[in-house]
Amino acid sequence: MPAQDPARYPTRRSARYHLRFQIHADADPAVVTADATALAKVCAETGVEEVVLLTAAEEAFPGHLTGPEEQSWLTATRLAREVLADAGLSVSLNPWVTVGHADRGRGGRLDRLGFAPMVSPDGEAATAQASFACPRWREWIVGHYGRFAELGFRVLWLEDDFRYHNHAPLRWGGGFEPLMLERFAERAGVAVGREELVAAVTAPGEPHPWRALLQQVWREAQLEVARAVATEVAQRSGGQARLGLMSSGLDVASVEGRDWRALFDALASGTGRAAHRPHFAPYSDAPGRELSRQLWSLELQRSLRPDFVESAPEIENWPHTAWSKSDTQTWSELAATQLAGSDAVLLNVHPMHGRRADRFPRVTDLLRRSRPGLDWLAERYDRGQPRLGVGIPFRQDAAAHVRLDARQAADPATALDALAVDPAPAADLLLRYGVPVTAAADAPVQAVFGQLVEALDDAEVSRLLRGGLLLDGVAAEALVRRGFGPLLGLEAVALVDRESDLEGAGPYAEEHLPGGEVLSVNMQPALARLGQLPDADVWTQIRTPDGQPWGAGRTAFRNSLGGRVVVLAATDATLLPYDDAGQRLVHGAVRFLEGDAPRLPLVSGGPYLMPYHIRAADGVLRLAIANGSADPARPVVDWPRNGAQHVDATLLLPLAEPRPTPITVDPQGPRAAEELPHRAWLVLEAAAPTE
């Protein structure tokens with residue numbers, strides 16, 4: 001990723017709060033002004049720099065705004081913006097719908113407006129959600145955003161319903177409406193019915209060419225709208241306002257065929273600037289181990305964003321009350337945004353129906369008490385710093401390459417879900433076992449799990465095989481099928497479904513280590529039967545309940561390209577149970593794959609101690625460790641070439657002032673002298689070793 005542009009993103013000295021809040025339209029301007037005044041006071045107390053005003057959100061949503069309804073929100077946001085701007089706040093706007101989130105009883109609205117509805121792969125038509133191909137809806141959204149752009153907002157946000165998937169009650173989502181089928185026919189050169197198209201897109205085996213073609217049609221329709229809205233916003237604001245995108249998961253966006261660079265370019269039409277709100281955290285209470293997915297999500301999205309796009313990840317609770325998520329969890333997620341070098345954090349922590357911000361003193365207290373730790377991190381982390389760890393490749397077009405099996409293809413809606421290629425399971429496995437990860441393509445060790453490998457061409461695979469490469473059984477089977485077996489140390493790989501009728505299909509149950517320890521693979525839906533070459537090392541063995549050998553569980557191999565490969569028989573990393581022996585195996589695999597020059601810090605000392613590793617511009621290596629367990633722990637770090645150096649340590653407890661903390665350092669690395677509580681962060685700082 002390019003370095004930060006200092007003209008656009010000056011070095012942060014403190015965390016930037018952008019507060020997402022809804023001031024309701026009211027017939028009495030005095031009510032709107034009073035609500036805005038109360039909001040400005042809360043912002044002053046908590047250090048909020050910008051307010052993002054919501055319009056017609058959730059409970060206040062009557063359907064796409066037109067006529068007097070739209071005018072009432074124009075009046076309310078104009079009044080609120082003036083009050084907030086007079087208080088020294090920057091103000092942006094978040095209209096709550098684009099195509100529409102979900103029907104939720106708003107039936108008939110599209111008919112009144114003449115919008116063509118979204119249609120699901122099953123043929124169900126929405127009642128309150130429009131098609132991206134509908135010309136009337138396009139005219140509405142361009143005009144709607146243009147009118148609000150004249151009011152002086154900094155960013156106008158496109159809600160995360162700017163997508164094809166996740167439009168309840170439609171199964172999977174939309175994109176199969178007649179207008180979209182007409183667009184597809186123009187591209188394909190032949191008229192195709194919905195059923196025929198869905199069957200082709202979700203056919204088992206080698207992907208049908210129509211899958212990529214439909215994704216192209218969807219992509220072009222979305223880009224046309226983004227470009228038109230961005231251009232209108234730029235023109236009607238005199239170039240002062242930019243367009244922002246709220247987005248969902250990258251894996252399901254791949255099913256839609258989303259091209260992230262093209263979309264960001266379209267959003268920047270007219271200004272050369274855009275904004276992004278990546279979704280990354282759950283809306284309600286979740287186990288601390290979920291921090292692994294949040295850290296990885298921010299890292300991956302950081303790597304995809306061009307330099308002209310500012311980032312404001314969203315912290316949200318739902319159903320929008322302080323009872324939905326603990327302050328401790330919220331703080332730990334806020335800390336993750338600062339580690340990612342985010343330009344701001346978008347706070348959606350008040351009820352959307354709350355109207356007055358001063359009615360929620362607990363939220364005010366949360367934001368005030370969160371600041372010390374967040375400011376400390378903001379001074380030390382920016383988005384241009386290299387993130388260090390095991391690399392996890394991602395391809396935005398991965399869904400176009402997925403090979404479905406007959407069972408997955410049986411139901412069109414679930415088959416579309418199965419096209420989503422998520423690299424998060426590899427990140428979860430590594431982070432939760434104390435191994436840092438990165439989205440950097442040049443990381444010496446890489447991990448490729450699942451069908452992501454189908455999107456890598458032979459040249460990319462060969463490059464990966466010259467370094468260290470960790471594979472699961474699905475990826476190994478695909479590479480052996482493509483002729484890479486001799487470089488993996490495998491002559492054959494067969495994916496054996498747990499419920500298969502084939503002889504010898506099961507019942508595999510246990511993974512045995514040489515020292516007598518046993519791991520469970522009992523929940524794996526399938527295992528890869530690895531036919532290893534004679535010079536490959538077998539680290540573990542799969543056995544049946546009666547102790548009979550079934551096949552290798554993990555193999556390690558040095559190949560003729562100078563690379564090293566470790567293969568897991570497991571096919572679903574999310575269903576592998578975690579334990580101490582599993583951690584030792586994963587740490588051992590990373591050290592083997594690093595070869596003769598180990599560098600990565602590996603963390604142990606308790607369950608779910610998750611590391612985030614960077615190299616700062618001044619040569620300082622920073623290792624932040626979060627405790628994702630409810631139990632306190634004392635982290636131990638195996639940090640080659642850094643263990644005997646001077647290391648500074650800072651403890652960041654939830655909602656507290658950062659403070660130095662003692663550590664001991666031995667030749668292996670630093671050890672915490674005091675316990676790290678639940679969702680707290682320990683930050684270690686050491687000078688990078690001289691080469």
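I checked both faces of strand β8 first. Ala 274, His 276 and Pro 278 on one side are buried, and so are Ala 275 and Arg 277 on the other. Buried here means under 20% relative accessible area, exposed over 50%, partly exposed in between, with a 1.4 Å probe and protein chains only. β8 spans residues 274-278, and five of its five residues are buried. Helices (H or I, at least four residues) and strands (E, at least two) are DSSP runs, numbered from the N terminus.

A note on the source: this is a predicted model, where local features need pLDDT of at least 70 and side-chain atom pairs count only at pLDDT 80 or more, while totals for chains, interfaces and linings use all residues. Residues are numbered from 1 along each chain as its sequence is written, and side-chain values use heavy atoms, with hydrogens and water left out.

Next I looked up the neighbours of β8. Strand β7 (residues 242-247) runs parallel to β8, joined by five bridges. Two strands pair if DSSP finds at least two bridges between them. Gly 244 stands opposite Ala 275. Strand β9 (residues 309-311) is also parallel to β8, with three bridges. Ala 274 faces Val 309 there, standing opposite. From β8 the chain passes through helix α10 (residues 291-304) to β9, a right-handed β-α-β crossover. Right-handed means that, with the strands pointing away from the viewer, the path from the first strand over the helix to the second runs clockwise.

Which strands make up the open sheet of six? I read the order as β12-β25-β26-β32-β28-β29, with antiparallel pairing. Its edge strands are β12 (387-388) and β29 (659-660), each pairing on one side only. In β28, Leu 651 stands opposite Arg 659 of β29.

Which residues touch the most other members of the largest nonpolar core? Among its 200 residues, they are Phe 132, Trp 137 and Leu 156. Such a core is a set of buried Ala, Val, Leu, Ile, Met, Phe, Trp, Tyr and Cys residues joined through side-chain atoms within 4.5 Å. Helix α7 (residues 209-236) gives the largest share, twelve residues.

Last, I looked for disulfides, pairs of cysteine sulfur atoms within 2.5 Å. I found zero.
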